[in-house]
Structures are given as structure tokens and as C-alpha cells.
Protein chains: 2
Amino acid sequence: MIDTHAPSQNDVYLDMRNRLISGAFSPGQKLMPNRLKADYNTSASTIREILFRMSCEGFVDFQEQRGFRCPQSSEQKLLELTHLRILLECEGAAGSIRNGDVEWEAQLNASHHKLAHIESKMKSSDDITPFVTVWSRSDWEFHRTLLSACGSSLLIETHKGIYDRFRQQVVSELRTFGFRAETIPEHKAILDAALQRDIPGCTKAIEDHLRVYRDHVAGKVQGFSAG
Amino acid sequence: MIDTHAPSQNDVYLDMRNRLISGAFSPGQKLMPNRLKADYNTSASTIREILFRMSCEGFVDFQEQRGFRCPQSSEQKLLELTHLRILLECEGAAGSIRNGDVEWEAQLNASHHKLAHIESKMKSSDDITPFVTVWSRSDWEFHRTLLSACGSSLLIETHKGIYDRFRQQVVSELRTFGFRAETIPEHKAILDAALQRDIPGCTKAIEDHLRVYRDHVAGKVQGFSAG
DNA sequence: TTTTCAAGAAATCACGAAATTTTTGTATAT
DNA sequence: ATATACAAAAATTTCGTGATTTCTTGAAAA
């Protein structure tokens with residue numbers, strides 16, 4: 001956003017959404033159109049409109065006459081988000097396993113390869129922060145590809161919304177962005193089961209991958225650090 | 001909307017949403033703020049903002065620089081909506097069965113009683129149109145109550161969004177609003193299984209209740225008329 | 001110290017006009 | 001007759017303003 005030209009509404013939308021998801025605002029923080037307009041070289045009305053849009057999707061809280069706020073994080077929210085993400089992701093993966101062709105297998109392989117590459121570098125690194133942005137994108141790319149052949153664009157869209165809100169919560173609660181050393185074998189297990197067309201196995205692998213967030217909430221897990 | 005005073009933004013939102021769901025606009029029809037503002041005695045900007053909100057929820061289509069449209073109906077959409085509705089409703093019902101207390105049982109009984117009352121009147125009536133509005137509300141109330149004790153407000157909200165879009169599609173494809181004579185025993189089966197805390201049975205009853213829309217799409221069912 | 005209240009500051013909301021883009025209709029050329 | 005170019009009309013998007021509401025501040029009373 002250095003260009004002096006006014007960016008398109010959609011650019012602003014995408015950037016704001018990204019900032020929200022990646023924890024650029026602290027939970028509960030007020031999001032004021034009059035302040036934000038400076039960041040994008042547009043008017044307050046435009047920002048307001050965009051904030052409004054995002055409040056429907058759950059990325060910002062909105063109260064009439066009280067403006068917009070970055071959503072408060074809570075364990076309950078993360079629990080519900082995890083629960084729903086598991087449900088949608090298992091259903092979508094099952095669909096892809098049933099319908100996916102060789103092209104899908106290839107794409108899944110490719111996205112996992114990139115993800116594994118980054119994750120192995122992160123594992124052997126003290127500070128993961130420089131990787132976090134790329135890893136985030138790769139993790140999404142892998143999970144997105146997993147569902148991409150399920151045949152239901154509605155399921156895919158719904159899952160994306162939940163996935164992003166899940167990420168938003170994880171970032172604000174765990175400053176690791178959700179990366180753990182264990183994600184490496186977990187992602188591998190998902191990939192293998194999917195390529196073997198093993199629906200129950202894939203379902204289980206996805207549950208195992210995300211179960212940790214449920215347990216975290218339930219207070220059963222202490223360590224969340226990477227490495 | 002006869003009052004000359006400007007209604008609150010939320011009133012307009014609710015009414016527009018209702019019109020969209022109940023088929024007041026034909027699929028593909030343009031939704032222009034400049035036209036619509038007359039219906040509500042507000043400005044075009046307000047209408048625009050509301051339309052934006054609803055585009056996030058999927059009740060209207062939006063294209064940049066091209067405005068808003070009532071969504072095109074398609075069999076594929078109904079299929080995907082049905083699929084997702086089954087998934088969410090089964091999961092939510094299972095949660096309610098696990099967590100629901102006596103109060104939940106009572107509410108479920110009450111909402112089913114009202115629903116059954118209307119449906120029996122509709123069954124013995126030639127023209128169902130006068131009942132359609134009340135029936136719609138009752139059907140929603142029953143299914144909402146079914147999930148109300150599941151413990152996840154996120155699941156409830158997500159389900160509501162899908163339910164409403166499902167209804168929107170059904171209305172535009174089948175002018176019966178989705179009522180069939182068979183819904184009466186189907187609703188009863190759902191109620192009974194839920195009260196017996198029979199999760200597999202309830203899941204199956206829900207699937208049986210909604211399966212007909214899948215089959216309709218697949219061309220396996222001809223008659224959709226009520227009675 | 002805590003609570004109440006009022007005045008000032010700040011933010012939100014609805015509105016309509018200006019600017020941009022798309023669509024429509026007509027004339028011209030191939 | 002079809003296609004292209006151009007102009008007029010219509011619709012969409014953006015943005016600044018004023019009215020209304022909410023939030024903050026600080027002094028007075030309990």
C-alpha cells in the first residue's frame with residue numbers, strides 16, 4: 001500500500017482481512033474508519049463498507065452505533081472453530097478421495113511437498129517468525145487442495161471461512177501461528193491416507209492433526225512451542 | 001413498511017432478507033439500491049450497505065462495478081446446500097442429544113407440536129399458500145430447537161445461514177416451499193429419535209427427511225406436490 | 001474514596017452529489 | 001447483413017458533510 005493511487009475496494013478488503021487474520025490488531029481493539037483510511041488512501045465511508053462486509057464473515061465484531069472491533073479471543077471460540085473445521089475438512093477430504101482424479105493427486109502431492117520443505121526448515125530453526133507468513137500460505141494451500149476435488153464449492157467456501165477464523169483465533173492465542181514440530185508427520189499422514197484413497201484413515205489423520213486444539217482448550221496440553 | 005419514519009437499518013435488513021428467502025425477487029433479477037430505496041424510505045447508500053452484508057451471507061450475488069443480483073437457482077446449488085445442511089444438522093442434533101437437558105426436550109416437544117398442528121391442516125387443504133408463511137417459521141423453529149442445545153453457537157449460526165439459503169433455493173425451484181405430506185411422519189421420526197437420545201436414529205431420520213432434495217436433483221423423484 | 005452528573009470531544013450514521021464505469025442505442029463501414 | 005465505433009444514458013462507486021449518538025473528562029455531592 002505505498003502507491004499513491006487509490007487501491008480498488010477489493011484490494012483494501014483483502015489487505016484488511018489479512019491483517020485481521022495475521023494478528024495485526026489486538027483482540028478487542030477498536031477499528032475506526034477515520035483512522036484506517038490513512039493506511040489505504042481512501043475515505044472513511046469506503047473503510048466502513050469493507051468493515052461491514054467482514055463483520056458478516058465473523059472477522060470483526062460490529063455493534064450498532066458502537067462501531068467495529070477486532071474480535072475478542074476465547075477458548076470457547078477456538079473450541080467451536082476447531083470442531084467445525086474438523087467436521088467440514090473430513091467431509092471435504094472424503095469427497096475429494098471419492099471424486100479426485102490423478103490431477104488432484106498431483107496437486108496434493110505438490111502442495112504437500114512445498115509445505116514439508118518449509119516445515120523442515122522451521123523445525124531446525126530457533127526463530128520461526130521469518131517463516132510464519134510463507135508457512136501460513138503453504139498450510140492453507142495444502143488443506144485447500146485436500147478439499148478441492150470434493151465437488152461442492154459451497155463446502156469449500158464454508159470451510160475457507162472457518163479455516164480463516166480458526167487461524168485468526170490461533171494467532172491471537174498462540175503466537176506460533178499454530179506450527180508445531182508434530183505437524184510434519186501429521187500432514188504426512190493426511191497425505192498418505194488421501195493418496196491411498198483411505199477415507200477412514202484420512203478422517204482420523206485430520207482429527208489427530210486438529211485434536212490438539214481441542215485438548216489445548218480442555219487444558220490437557222501444556223507445551224505449544226515449536227521444535 | 002408503511003410508516004413514514006425511516007426504519008432502522010436492521011429492520012430493512014431483516015425485511016430484505018425475508019423477501020429474498022421467500023422468493024419476492026425472481027432469480028437473476030437486478031437489485032438496484034436506487035429502486036429499492038423507495039420501498040423503505042431510506043437512501044440508496046443504506047440499501048447498498050445492506051445488500052453488501054447479504055452478499056457475504058450468500059443471499060445475493062455481487063459483482064464489482066456490476067451491482068447486485070438475486071442469485072440464480074440451480075440444481076447443483078440445491079444439491080450442495082442439502083448436503084451441507086444434512087452434515088451440520090446431524091452434527092448439531094447429535095450434540096444436543098448429548099448435552100440437552102429436560103428444558104431442551106420440552107422446547108423440542110413444543111415446537112414439534114406447533115409444527116405438526118400446521119402440517120396436519122395443510123395436508124387436508126387444497127391450497128397451501130395461506131399456510132406457507134407460518135409453516136416456514138414453524139419448520140425453522142423446530143429445526144433450530146433441535147440444534148439449540150448442541151453447545152456451539154458457531155455451529156448454530158453456520159447452520160442458520162445454510163438453512164436459509166436452502167430455503168431460498170427450494171422456494172425458487174419448488175413453489176411449495178418444501179412442504180410435502182411426507183414431512184409429517186419425517187418430523188415425527190426426528191422428534192422421537194431425539195427424545196430417545198438415539199443419535200444414529202436421529203441422524204438417519206434427518207437424512208431421510210432431506211434426502212428427497214438430493215434425489216430430486218438426481219432426477220429420481222417426480223412428484224413434489226403437497227398432499 | 002466512591003458515585004453522579006453534565007459539558008465537551010469524538011465517533012457513527014444516513015444522505016446526496018460528483019466521478020467513474022458499464023450498458024444501451026445509433027450511425028458508419030466492411 | 002454483420003461488425004465496429006462512437007455517443008448518450010444509466011448504474012455503480014466514491015467521498016465529504018451535517019445530524020445524532022456515544023464516549024470521555026472532570027468537578028460536585030454522597
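Are B:Trp135 and B:Phe179 buried or exposed? In this predicted model, B:Trp135 is buried and B:Phe179 is buried as well.

Leaving aside residues up to four places away in sequence, B:Trp135 touches B:Leu115, B:Ile118, B:Glu119, B:Met122, B:Arg167, B:Phe177, B:Gly178 and B:Phe179. B:Glu186, by contrast, is 51 residues away from B:Trp135 along the chain, and the C-alpha atoms of these two residues are separated by 15 Å.

## Aromatic pairs

Over all chains, a search of the whole structure finds 12 aromatic pairs. One of them joins B:Trp135 and B:Phe179 in an edge-to-face arrangement, with 5.7 Å from centre to centre and 80° between the planes. This pair links distant parts of the chain, since B:Trp135 belongs to helix 6 (residues 132–147) of chain B, while B:Phe179 sits in the loop between helix 7 (153–173) and helix 8 (183–195) of chain B, 44 residues apart.

In the pair of B:Trp140 and B:Tyr163, the ring centres are 4.7 Å apart and the planes stand at 50°, so the pair counts as tilted. B:Trp140 lies in helix 6 of chain B and B:Tyr163 in helix 7 of chain B, and the pair therefore ties together parts that are 23 residues apart in sequence. Both B:Trp140 and B:Tyr163 are buried. In chain A, one aromatic cluster is formed by A:Phe52, A:Phe62 and A:Phe68.

Of the atoms of DNA strand D that come within 4 Å of the protein, 79% belong to sugar and phosphate.

Several contacts involve phosphate oxygens of DNA strand D: an N or O atom in the side chain of B:Arg48 is 2.3 Å from one, a polar side-chain atom of B:Arg35 lies 2.8 Å from one, and a backbone N or O atom of A:Ser43 lies 3.3 Å from one. The elements that give two or more residues to this surface are helix 3 (44–57) of chain A, together with helix 2 (33–40) and strand 2 (61–63) of chain B.

## Loop residues with positive phi

A:Asn41, a residue other than glycine, has a positive phi near 60°. A:Asn41 lies in the loop between helix 2 (33–40) and helix 3 of chain A, and is partly exposed, with a relative accessible area of 43%.

## How the two copies are related

Chain A is superposed on chain B by a rotation of 180° with 0.1 Å of shift along its axis, at an RMSD of 0.1 Å. The two copies are thus related as by a two-fold rotation axis. In chain A, the C-alpha nearest this axis is that of A:Arg53, at 2.7 Å. Of the interface residues of chain A, 96% are also interface residues in chain B, so the copies meet through the same surface.

Methods: Residues numbered from 1 in each chain as written. Chains lettered and ligands numbered in written order. Predicted model: local features only at pLDDT ≥ 70, side-chain atom pairs only at ≥ 80, totals over all residues. Heavy atoms only, no water. Near = heavy atom within 4 Å. Polar contact = N/O pair within 3.5 Å; in protein donor to acceptor, adjacent residues only side chain to side chain. Helix = DSSP H or I, 4+ residues; strand = E, 2+ residues; numbered from the N terminus. Least-squares fit on C-alpha atoms with pLDDT ≥ 70 in both. Contact = heavy atoms within 4.5 Å. Phe/Tyr/Trp six-rings, centres within 6.5 Å; stacked < 30°, edge-to-face > 60°. Buried < 20%, exposed > 50% of the residue type's maximum accessible area, 1.4 Å probe, protein only.
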